[in-house]
Structure formats: C-alpha cells, structure tokens
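These are my notebook entries on a structure that is new to me. I set down what I looked up, entry by entry.

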Amino acid sequence: MNKSIFIALLMLFWGLCFALSYFFIPGNINKPKPKIIVNSTPTSGSVTWYTSIPQRHADRIANAFKIKTGIDVKIIRGSTFLIKERLMSEIKNNDTWADVITIADIGTFIELKNQGHLMEYGSQYYKNFPKKYKDKGYWAAFAGFGMCMAYDESRIDTPPQHWTDLLNERWRGRIGLEDINTAGSQYGQYYMLREKLGVKFWEKLLSIQKPKIYYRTEALADALLKGKIDIAGQFSIHTVYDYKVKRKTSIKGIYPKEGIPFILNPVAIIKQTAHLKEATAFFDFLLSGKGQQLMQNLTYKYSLQECTAPLAGIPSLNNLNLLHPENKTKYAEKQSEYIREFNSLFQKRE
Amino acid sequence: MKIDSLNKKTFLLILIITVFCISGFVFMISKIIKKQATSTYKIDKETSIELLSYSLGPMLNSYDYKQVEQLITSALNYEKIASVRVFDNSGTLIKSAARQNIATKDLDMEKRKITTSLEGIIGSIEIGFSKKYINERIQTVTTALSFGLMGGFVLLGLSLYVLMRHYIIKPLESFTNTVKEMNFKNLSSRVKVYRKDEIGTLAAGFNQMAKNLETSHMVLQESENKYRSMMEAMNDAVYICSSDYKIEYMNPAMIKKTGQDALGTSCFKAIFDLDKKCSWCPYDEIQHRKSLAFDVVSPHSKRSYHVSSAAIIHRDGTNSMLVVLRDTTELKNLEAQLIQAQKMESIGTLAAGIAHDFNNILFAIIGYTEMALQNISVDSKLGKNLNKVLQAGERAKDLVKQILAFSRKSEEERKPVTGHLIVNEVLKFLRSSLPATIQIRQQIEIGNDTVWADSTQMHQILMNLCTNASHAMMEKGGILQISLENVELDLKFTALYPDITPGSYLKLTVSDTGQGMSPYVLNRIFEPYFTTKEKGSGTGLGLAVVHGIVKSHNGIIKAESQQGKGSAFYVYLPVIDNKEKPKKESEKLECTGNESILFVDDEDTLVDLGKQLLKRLGYAVVAMTSSVEALELFRRKPDQFDLVITDMTMPGLTGDMLAKELKKIRADIPIIICTGYSSGMSEYKANAMGISAFIMKPLTMKDLSVVVRNVLDKA
C-alpha cells in the first residue's frame, strides 16, 4: 500500500476515534429525555376555595389539607373585592363554584350572611375564637392583620409616628398606598381611620399629599425599598414582618398609637356549595389548630384562635391599639361609598 | 511477510506497542471509571437524597407542594434519578415524579426520612436511582475514553513513527543504500546525512572512512595495476598455487605457456603435465624460508627453467606459493653457444697464433724449397721430391688459410668480395672434411660475381649451407652442388620480397640430394633454434645466421625441398661493379728489379730467406731482425731505400707502427707489410695507413716478386 495512502488512512482513523470519543462523551449524545410523570396524593374529593390570601400561601394550605384528607382544593384567588364581586355575580347567576371563601373583608361576610348565602355550620373550632372574631355557625376569623405604616430605615431617620404625620409636607409625594378598589385591607384602613381621624385626614392625605397608589403589596414594598416612596402609608404588619424579619430588609413598621386598623380575614362556607362534606372539612381544617398554625406560619397574619401563639418577633396584639369597625354592618354598607370617596379624593390631588 | 527492514520493524513495533497501550489503558481506565463511577454514584446518591430531603423539609413543613413538585421534577433532570416520591410522616404520598417507562427492577431505591429541626420527622422521600444510567454512563465514558485513547495513541504512534522515520530510519536507510551502492568498483558513494547528532557524527565518520577506503583502494588498485602490469608484462611465467597445489593465479606468460587459464587445476598437471607433485616442488621448503631459487628441466618438454618461489602468507595463516618460471633454455643454449664461441675464439686465437708461426715456417719451407729447386733440375729425383715438398707446403698454406678463415673474429669488414673465390675456399675445406659418399660439384657461370660483403660472413653462409646439405646426405651419401650465376631480378620477382629491389644479383645455389624436408620443417628452417637434429647435434642457429647475414647484405634466401629427394637453397646478393678483378694465378710472372729494399722480420730464418729471395730477384736488400734498429737505420738513411718490407708481429715496434714511423720520416716510402697472421691488420687498414701492400705469408717467390714489382712501379 502506498505510504501516503496508509498515513492518510491512519489520520482518518485517528480523526474518527476522536470524533467517536467526543460523541460518546456523556451528554453529547442527544438522547430523547423520557417523559416525566408526576403523581400527587390520591384525591377523594374536591373543594373550591375562593380566597384573597396570596396564591402561594393558599396552595400550601390546600396541600396541607389535601395531604390530611385527600380532598383536593381548587383555589380561586384574587384580591378581596374582585373575589367578592365574582362570588356575588356567581351567586346572582346561581352558578357559583365556591365552596369556601376567605377574603379580607368582614363586610362581605356580613353581607353574604344577611343575604343568606352562607352555610350555617357548627364547627367544633368556633369555640376557640373570641366573639368579636366570629359569627358562630357562619363565619370565623381565619386570620387577622393590622395596618400600619412602614419606611426604609436605611434612608429615613425620622419617620412619621402618627397617621397625621403623613400630612406633613415633608412626605408629600413620598407616600405610597394600596389600591382601595381591590384591596380589602385598604378599605378597612380607610374606613377605620376615617372613623378615627375623619374624612379630612383622607382628604388631605389623598388630595394634598399626592400619594402613589400601588395595586399589589409587593409593588408597594418594592417602591419603598427602591426609594420611590419614603413612607408606605398602608402597610400590613405581617408584610412588615415578612420584609423585616423573614427577608431581612430595612423596612420597618410604624405602629401609630392612635390606632392600628385591624382587618379580619374571615372564613365561611357558601351555602350553594356542591361539596358540603369537603367544604365543612376544609372549613374545620382552616379553623383548626393546624390550619391556624399553618396560616400563621405562611402568611405571618395573626391567628385569632386563642390557643394559637403568635409568631415570634411580630408585635403582640395586646401591645397595639387595634381599631375595629364599630358597626360591622355599616362597614359593609359603606364599602362602595367609601371606595368612591377615596377615588374621588385621590382624583383631586394636584 | 518478511520483516527485514528497520522501517517495517519500527512500524510493527510501534503498532504492537500502540495496541498494547490501548488495550492496557482501556482496560485500566474502564476499571478505574467503573470504580470511580460507582463511587461517584454512591456519593451522588447520598448527596442527592440528602439534598432533596433537606430541601423538602421546609417545603413539606410549609405544605409548599408546588415547590415539592418542582423540586422532585427538577431532580429528575438528573439522569441518574429515575423517580422521586415524597410522603408525609403518615406515609401518605404527597408528590411523586418518575420517568416514563422505567421498570422498578432497573431502579436502585433509596429511602430517607425528611426532618426539620423543629418538627422532627415530617415526611420521607424515596428516590429511585437508575442502574441503567450508571451502567450506560460507565459504558459511554469508557467508550469515549477508549476511542479517545485509541485516537491519541494512534496519533502518538504515528507521530513517533514519523519522527523516528525522519530522524533515525531515513538517515539509516540512506546509510544502508550508500553501503549497498558501495563496492570495490564504486567507493565514491557518500552518506548524505548532515546533522550534528550521533547519526550525523556516524555519517561523517563513515564518509571519512569511505574516503579513506576509496583512497587506499585507489592506491591499492594502482599498486595492483602496477604489479599486475608487471606480472602481465613479464616474459617469465608466473603462477600462484594454494597449499593443495591448486592454481590461484596465472600471468599471461604462464597462460601462453600452458595454452590455457588453468585456475583451479593442479599446478603440476597444468604446467608440467604430471600426475603428481613435481619432484622438485619447493612448497614445503618455502614454508621455512622466504624464497627459494633453483634450476630444473621439464621432464616432458626438456626445457630448462630457473624457478624462483616464495611463500605468500595469508591472513588466515594459510600459505600460497608464488612461482616464477624463467625459461632458461635459450639462455643455456646461448651460454653453450657462448662457450662454443669462446672455444672457437680460443681456437681462433690459437689458430691465429699457430697460423702466424706456421705461416712463417711455411714461408721458410716454401721459400727455401723454391730456392733449392732453382738450383737443381726439376726432373731430378731431388727436384721431384722438392716439388712434392713445395706442393705439400702449398697445401699446408691453404689449410692454414682455411683454419684462419674458419676461426676469424666476427668483426664485420665489408669489401668487394669475389664470390667464386669464397666458393673455392670452402670447397677446398669441404673436400677434406666430407666423406667420400658425398660428391661435390660446382657450377660457376658468372660475369660479375663481386658483391659488397664481409668475406667471413660469405664464407659462413656457404659453410653453413654446405654443412646442412652434407648432414642431410650423411647416412646415404649424395651430391652436393654449388652454383654461382648472375641473374636479373625484375619487379615481378622483387615484389614478392620487399627487402630487395630490381637489379643485378649474384645467385648462389647450394643443393643436395638428401632426405629433404617436410613443408612444416621448410616453413620453420630459418627460425632461430629450430632444429630437426637431436640435442647437441645442432644449435638450430645455422640457417638463422645465414638468413640474417643474407638479409644484412640486402639479399634474400629461398629454400626448396622435397622429402626423399633433396633440398636447394638460393641466395641472392646484389652485385657491385667489378673494379678489382682478381688476378689469375696463371697470369702471374716472376718480376725482378734492382731497387734497394729494407727487409724487416724478427725471425732470423725469415730474414735470411727474404734476403735471399729478394737478392735472387735482383734487389739490393738490407735485412734486419729488429724493427727498432731498422727504424734507426732508415732514419739515418731515409733515401737509401726504395721499399720497405716488414713483418707485422714483431717485438718492440710492430710492423704498422714501424710503417707509421717510416712514413713520418719519408712519406713516400713504399711499404709492404708481410705477415703470417695478424688480427690487427687488414688490407684496408694497411691502405688507410698508406701502406702500399699487405701480403700474407707464406708467399711464393713469384707472388713476392709480383707484389714488390707492383709496389715499386706504383711508387
């Protein structure tokens, strides 16, 4: 054989070896990945839960319930008033999926009860809740949380101490609020501070101080951290806890002595429920110690169950001047009006 | 396949080593990979399960099953994990994720409890690790490495081969090719490797060695050529034979001698035609001596050789024998001839000496007898007896002449020679020496038989031819005929003989009726040393000498013969103008005179005889025995004498010296030198010296009177 041909063949062989070597390097072979099949806990039923708590929290609670009972929880989540609106519309259309509802608006539950849309159920766990936090047989406070102010302590040395401090010129244009149209907590704070401080307060705050409106709590917190605002005029205590304690940011809460609007997040079974058994089981779970503990651990909101200890590091309710609506019915009735008012006042800002 | 080259061996070796390395490494690597993979797998397994269980703790704690699902699903991105199942602490399945179509038997299941620091055990995780994966992993890694190693080693081997080929094999191949090219006919090849490493040094050293070898070969070749030329040019036969007498070398002279190149054959057979070692073989003797020289006679050819032999010692200890054979046959013949010639010269000298004295004695005998006859009647008894004495004296005189002629020295002296006189002389001699069974006839029909020749050589020609003729008729007798005639040779004749030209020639014919010669002998008779006679009977030179003499005289000799009938030799010699006609004996008359003659001879008897003879002729004679005294006398009276007659051989002042002195005194004095024999004088010499006549004793009174008269008349 010609020497050149032989060497050429050898070179070819060498190249082939290296090519094959590369080809066989693990990872270089594009084998089709087999499909992954995911299985979950076998279900024995399902319940639909309308809620305003964050989805991630709702999922976990649902998971805990499912793992315990095997009942799958279908979560319909949205902001408070959107959920309310949806539910109301479904009920009106007599086509609701909701089995259980938990939103941060006591007024909605008053309304639903008054309209006969709440299932009466004598849960064993009612007894664990104080009177002011339940309507036995119909609803109980799944969670409660207070509304405070918050600031970035890395930037602000002298934050406001009172709600009225927000009216200080210093804070003009530097205050952030949540959208009252969707957030039940914003309505609650508006209502209770209006009761406490009068509409003037809000008028000034909204019209003169030119606050910025944010549609999600995370957006508000983010604006605070980024310095777009100096003060979050509406910030929940559990959010402060989350950002300060859990996330270890420089957000710090301000708990005005004149009062902390306390928002309830009740839970009730919709009378139209198609899954009563599952709904009652879920209702019980939410009010059970495990459910309450879970809620507390997940949302950092207060469990109003007497036997459930608060989270470490969160201000004790006993140390706060909690503001409650004096008349829950009025609270419910004034909802639309006060929201319009808020909007109107806000529209007036220069 | 024959693996006979460094290139093939190197390639094969590298190939074998590469294969071995690949096999060994692959085996080793696969073992290591398997071990490592298994170990890594165990670690990975442990790590995975720890990580997952640790990660799942908070998730389970917070019931974040979505994250659980994400986690376990993402865990399946690792191919080694085939399935993950998460349970709560009651064993209820929370989430599970698995690859489709993975059989449980292919899984290595590992279960671990999920704990948190606060809650303790909150669940458990079960992970199924793919055995197939790990095996595939091992296989692919091994395969990848194998191919990689294969490629790497092949490349390495190839590189090594290329480098070795370039730096070692190619130079060595160049070396080998150069060495192959080199032979004794081509030592100019050189290794074309110019590097500064060991191979370059080796190449340089080889080139130098080759150069030295070439130079020394050239020198050796020149030396060999020189000695070969010497050997080949040598007329002596040379051969070399081995210790077992096989011929190893023959020079051309030897080849010519043996008629063949007898390499390899036995020397005694090839050269001397013997069946066994020569009796005189010197091989054994020369082993102890350097050389040896001796004379031998070939047992077959009978030729004589001088043998010189010497030992040639080879490197391996064996000896060969160098033999130089010089054919000394001719030399010995020449030596014999020389000895014969010397003998003849001695005889000639003796004869000359004897002739001189004998002639003197004969002169006295003839002279006194003549004078005695003048005083008595020739018819008387005394007169008759004295006549017989006179005849005997004449014969004795002729005989002395023949003897002198036969023993005359070879000093050539050319002069006009009369052919018939030579014939007469020779015939006279032959008549007394040949047996009666050989009849001698002569036929002389000539006008001019004078040739310009050396009389001795002419004599020799005739003697040799007649001798050969007589030898041919020795057994049965026959007729020896000698003829002389004048012939005219034309162009047609002389064209056949380039040595002669057209003209008048004397043709001498010597024929016999002997046994004749064969054509073969006839063709070779003029070759020197060619003879049909036995050794010692003839030298083989006679006819060669004749041929040479004839040729030197611008003549030719022809021979004809018929076996059983006889032979004839024809000698053609160019004649010259006959200026000197020989005097006929019968025309000579006794002459007288009255002049004064000084007669000088150292012998008293001859002085007295001469005086008496000259007085009887009428001359006044002063006779002296001493040439010195005669000179003195003449010196005192230079005009007293009309003629001086002197002997040649005399003590003190020889005749020619006396003549010379006399001529000094008187240049015109006629002088006759009369001698019994003198090799130092001849007629020509005498003429050249101004001597008027040169006569040989013994002279008759008549001869003397004629000569004296002629000289006096001419003076």
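I began with P171(B), which is buried because its relative accessible area is 5%, where buried means under 20%, exposed over 50% and partly exposed in between, with a 1.4 Å probe and protein chains only. I noted that the model is predicted, that local features need pLDDT of at least 70 and side-chain atom pairs pLDDT 80 or more, while totals for chains, interfaces and linings use all residues. Residues are numbered from 1 along each chain as written, chains are lettered from A and ligands numbered from 1 in written order, and side-chain values use heavy atoms, without hydrogens and water.

I placed P171(B) in helix 3 (residues 131-181) of chain B; helices (H or I, at least four residues) and strands (E, at least two) are DSSP runs numbered from the N terminus. Beyond four places in sequence, P171(B) touches R165(B), H166(B), V193(B), R195(B) and I199(B), contact being heavy atoms within 4.5 Å. From P171(B) to S130(B) I found 41 residues in sequence and 59 Å in space, C-alpha to C-alpha.

I then looked at chain B as a whole. Chain B holds 19 helices and 21 strands, and its C-alpha trace spans about 210 × 65 × 60 Å along the principal axes. Of its 715 residues, 44% count as buried. Among contacts in chain B between residues at least 6 apart in sequence, 62% join residues at least 24 apart.

Last, I turned to chain A, where K301(A) lies in the loop between helix 10 (289-299) and strand 12 (322-323). Among the residues that K301(A) touches, I recorded I53(A), F145(A) and H238(A).
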